[in-house]
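Please read them with the structure open.

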Amino acid sequence: MPEHNYHAYDEAFWQTFAARYETEPGPINLENGYFGRMTDTVLDEYQRNIAFINRSNSLYARQRFEQAQSSEIHRQVADLLQAPAEAVALTHSATDALQSLIRNYNRLQPGDQVLFCDLEYDTVKGAMQWLGRHRGVEVIQIEHPHPASFDSLVGAYREAFARHPRLKLMALTHVTHRTGLVMPVAAIAAAAREHGIDVILDGAHALGQIEFNLAYLGIAFAGFNLHKWIGAPLTQGVLYIDPQRLADIDPDMGESHYPATDVRARTPYATPNIPALLTLPLVLEEHRNLGGAATKGARLKYLRNLWVRQVQDIEDIEIMIPDDPRLYGGITSLRFVGRDQQDMAERLLRDYNLFTVVRSGSACGPCIRITPGFATSAADMHRLAKALRELSL
Ligand SMILES: Cc1ncc(COP(=O)(O)O)c(C=O)c1O
């Protein structure tokens with residue numbers, strides 16, 4: 001029975017839900033952006049599957065898993081993306097998926113241009129730089145104006161597209177891990193299309209937290225993971241290629257396990273984490289029963305707003321992303337103006353028992369990232385707001 005329509009602010013419901021995550025005693029974790037916890041039921045199932053696969057070994061893996069179960073799991077993951085199974089390959093991580101796409105995109109000629117921005121994830125930045133060395137393309141990097149707005153973000157791309165007429169490929173991050181900014185993907189992809197530029201979308205922080213549809217966004221190539229906001233065991237990623245564009249991505253380094261017409265040939269063939277894959281049907285069922293990304297995203301955004309609203313008037317604290325609900329989800333970074341951010345994150349931990357992380361690498365400078373999770377309470381957010389206020393004095 002679906003349990004949908006839980007209100008983001010129904011603290012009693014969410015506290016019951018939070019009790020399903022066993023947590024180690026210690027600081028309050030406001031760094032849930034690294035990876036997500038599994039629920040108690042998922043953890044039990046995963047442990048059972050580890051023991052089962054360890055007992056049954058290759059006999060089960062070859063006779064049952066490879067023959068039937070893996071395709072059913074594959075289909076369920078494609079359903080999560082509202083995509084056909086032939087558009088989806090399972091990988092070990094978002095990085096695996098994104099780097100396979102970048103490495104194997106075959107439409108670049110020497111002298112073409114590729115583009116990424118300051119907010120991309122480092123493994124994506126590195127792979128785009130690699131194209132410069134190995135494909136003879138010119139690598140263009142742009143920095144987004146700060147503070148950003150919906151129009152300034154789209155405008156920065158429009159300007160880059162006009163200035164660099166040989167652009168063929170760009171990376172785009174749906175939800176950046178640096179500040180939490182949610183990119184206007186549909187508008188940027190539409191502008192890219194006008195210039196014949198392909199987009200590889202990094203959806204690592206989007207899947208499970210933001211409702212989206214790749215066809216509506218106009219995205220042909222994307223990479224995700226299931227171990228952040230979907231709640232899967234670690235080491236689960238997804239590669240997406242619009243089936244009509246499959247020919248534009250080569251099989252990975254001569255991969256021959258699957259035919260060249262199969263999307264699964266676009267990633268390295270390797271022994272999968274079978275117990276984790278066997279756990280996915282339960283993970284996806286729980287995700288759906290909760291109401292999917294709509295419910296999860298609304299809760300995270302509610303928690304985010306609880307702390308942001310209490311501190312956004314403080315002069316010495318800068319909220320790194322604009323107050324435009326289209327441009328944020330549950331993650332938001334802040335900066336103590338004129339202070340050392342690492343030092344302030346350490347004070348949050350030492351003096352207030354709040355665990356956060358400093359993120360640098362964006363043009364707007366280092367900041368402290370606040371990422372609530374499904375075990376976070378409204379009280380945790382009030383505690384954070386109080387701490388921020390005190391530390392800003
Ligand atoms: C925006 C973004 N992209 C990509 C990744 C990489 O994901 P994975 O660890 O699954 O490779 C992360 C991980 O934190 C991320 O935040």
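1. How much area do domain 1 and domain 2 bury between them, and what share of it is on carbon and sulfur atoms? The model is a predicted one, and in it the two domains bury about 2,600 Å² between them. Of that area, 59% is on carbon and sulfur atoms. The size of an interface is often given as the accessible area lost when the parts come together.

2. The domain division should be kept in mind when reading that value. Domain 1 is made of two segments, 11–38 and 293–391, while domain 2 covers 49–286. Taken over C-alpha atoms, the centres of the two domains are separated by 27 Å. In residue terms, 38 residues of domain 1 are in contact with 31 residues of domain 2.

3. Polar pairing across the interface comes next. Between domain 1 and domain 2 there are 17 residue pairs in polar contact, counting those with both residues at pLDDT 80 or more. On the side of domain 1 that touches domain 2, the elements giving two or more residues are α9 (292–311), β10 (332–336) and β13 (367–370). Helix α9 gives the most, with five residues. Sorted by class, this side of domain 1 has 17 nonpolar, 13 polar and eight charged residues.

4. Side chains of opposite charge can pair when their charged atoms come close. A search of the whole structure finds 26 salt bridges, and one salt bridge is found across the interface of domain 1 and domain 2.

5. Arg20 deserves a separate look. Its side chain meets that of Glu286 in a salt bridge, at 3.1 Å from N to O. The side chain of Arg20 also meets that of Asp40 in a salt bridge, here at 3.3 Å from N to O. The Asp40 pair links distant parts of the chain, 20 residues apart: Asp40 belongs to helix α2 (residues 40–80), and Arg20 to the loop between α1 (11–18) and β1 (28–29).

6. Which residues are closest to the ligand? The ligand is surrounded by 13 residues, of which the closest are Ala94, Thr95, Asp202, Asn225 and Lys228. For Asp202, a polar side-chain atom lies 2.6 Å from a nitrogen atom of the ligand.

7. His146 and Pro147 are joined by a cis peptide bond, with omega about -5 degrees. Pro147 lies in the loop between β4 (138–142) and α5 (150–163). Met253, a residue other than glycine, has a positive phi near 45 degrees. Met253 is placed in the loop between β8 (237–241) and α8 (274–290).

Definitions and conventions. Residues numbered from 1 in each chain as written. Predicted model: local features only at pLDDT ≥ 70, side-chain atom pairs only at ≥ 80, totals over all residues. Heavy atoms only, no water. Domains from an automatic or database assignment. Contact = heavy atoms within 4.5 Å. Buried area = accessible area lost by both parts, 1.4 Å probe. Salt bridge = Lys/Arg side-chain N within 4 Å of Asp/Glu carboxyl O. Polar contact = N/O pair within 3.5 Å; in protein donor to acceptor, adjacent residues only side chain to side chain. Helix = DSSP H or I, 4+ residues; strand = E, 2+ residues; numbered from the N terminus. Nonpolar A, V, L, I, M, F, W, Y, C, P; charged D, E, K, R; others polar. Near = heavy atom within 4 Å.
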